[in-house]
Amino acid sequence: MKYNDDAQLDTSEVSDSRGGGSGFSAGGIGGGGGIGLIGLLLPFLFRGRSGRFSGLVVLVVVGVLTVLLTRGGSSSGQGVLGQLGQNGNPATADNGDLAQECRTGADANSKLECAVVADINSVQDYWGAAYPTLATRYRGAQRGYSKVDTVFFTGQVSTACGSASSDAGPFYCPGDKLVYIDLGFYNQLKSQFGAEGGPLVNAYVLAHEYGHHVQDLLGTESKVKTREGASSDSVRLELQADCYAGVWMNHASQPQGGQPALIEDITQADLDSAVDTAQRIGDDYIQKNLGGGNVDPDSFTHGSSAQRKKWLTTGYRTGDPLQCDTFSASSLG
C-alpha cells in the first residue's frame, strides 16, 4: 500500500499525548497482563442499566487476559485535554512535532506516525461521505457523521471509559468519542500473534475502531444484549466493525470530496496481510494458540477466525456498508 506523495495530511484529527513517554509498555493496570487487545479482542465497554459506565469494569477474555478499567473521570462535559492525563501527570496534548513531521503523503510513506495520520484522514473522509446515506436506514441515528480524534499515548491514559494501559491495545471509548492507541501495539501484533504486519494491517486496526464510532452514531450498540457466544450480539457487533473496515478498504484509493485519494493503491498482498491478521485475532485462534489450547465457542466475544475473515472480505468485496448487517444475518459464517 502506498500513500499519494502529494496528498496533504490533517494532523488535527490526532491528539498526540505521548510527550516524553518511553514508548510501548508491557505492564498492565492493577497487575493485568497478557495479550492486551481491548479494541480487537474485548467486547465494547459495558454500561450499567442506567446507561452510565460502571465504576469498575473487569473484562476477562478467553482465559488469558484480565484488564481492569477504573473510572477516570466524568463521561461527559470534558474536552480532549481533560481526558489525557497519564501516570498522574497533568493532561497534555501537543501536536506541534506531529504537524511538522507529517505534512504530506510522502511523509506517510516514510514514517509510521504519519502513515497512521493518513489512515485516520482517509477513514474519516470516507465515512463523512458515506455515513448520511447509511444513517437513513437506522431509526434514531445521528444524521451526519461527526469526526473524532485518535489519541496517541504511551504507558497509560485516562478516558471517560476508565484508565487503560498500553496493554489495552487500540480501543474506541463511546463516553468521550475518541479512539486510543499506543503505536507500539503494531509491533505486538507481529511479535505475539505472528501477523505479517504492513501498512494495510495498521490501517485495518484503526478502521475497525472507527467502525465502532459509526456504530455508536447509528445506535447499533443498543442492540447488544448477549455478551458471549458464537452468535452473540457482541460477536455480531465486532464482525460488523470488521466489515465496515473492509468497506473502507474498498474505497480507500478513490477520491473523496473532490480531493485526490490519500492512498494510491491496495494490492492483493496488502489485502492478504489484513485477512491474515483478522484470522489471528479470531477467538478460536487466540484460545488455541495463546490460551490453554481449548476452544470454547460459548465464550466467544469477537468471532472465530473464519467469521472475521468472512466479514472483512465481505466489506472489501462489496464496498457497501448495507451488506454489513450482521445483526440480521441468519448465519455469521
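Start by selecting Arg-236, which sits in helix H7, residues 233-251 (helices are DSSP runs of H or I with at least four residues, numbered from the N terminus). You are looking at a predicted model, where local features need pLDDT of at least 70, side-chain atom pairs count only at pLDDT 80 or more, and totals for chains, interfaces and linings use all residues. Residues are numbered from 1 along each chain as its sequence is written, and side-chain values use heavy atoms, with hydrogens and water left out.

Stay with Arg-236 and show its surroundings. Arg-236 is buried, meaning under 20% relative accessible area with a 1.4 Å probe, protein chains only. What lies 2.6 Å from a polar atom of the Arg-236 side chain? It is the backbone oxygen of Thr-326.

Next, move along helix H7 to Cys-243. Cys-243 forms a disulfide with Cys-324, the sulfur atoms 2.1 Å apart (a disulfide is a pair of cysteine sulfur atoms within 2.5 Å). Cys-324 lies in the segment after helix H10 (305-318), so this pair ties together parts that are 81 residues apart in sequence. The link is left-handed, with -70° about the S-S bond, and both Cys-243 and Cys-324 are buried.

Now select Cys-102 and Cys-114, another disulfide, with S to S at 2.1 Å. Cys-102 is in the loop between helix H2 (96-101) and helix H3 (105-108), and Cys-114 is in helix H4 (residues 112-135), so the bond ties together parts twelve residues apart in sequence.

Finish at Cys-161 and Cys-173, whose sulfur atoms are 2.0 Å apart. The torsion about their S-S bond is about 95°, so this disulfide is right-handed.

Conventions: Helix = DSSP H or I, 4+ residues; strand = E, 2+ residues; numbered from the N terminus. Buried < 20%, exposed > 50% of the residue type's maximum accessible area, 1.4 Å probe, protein only. Lys, Arg positive; Asp, Glu negative; His and termini not counted. Salt bridge = Lys/Arg side-chain N within 4 Å of Asp/Glu carboxyl O. Polar contact = N/O pair within 3.5 Å; in protein donor to acceptor, adjacent residues only side chain to side chain.
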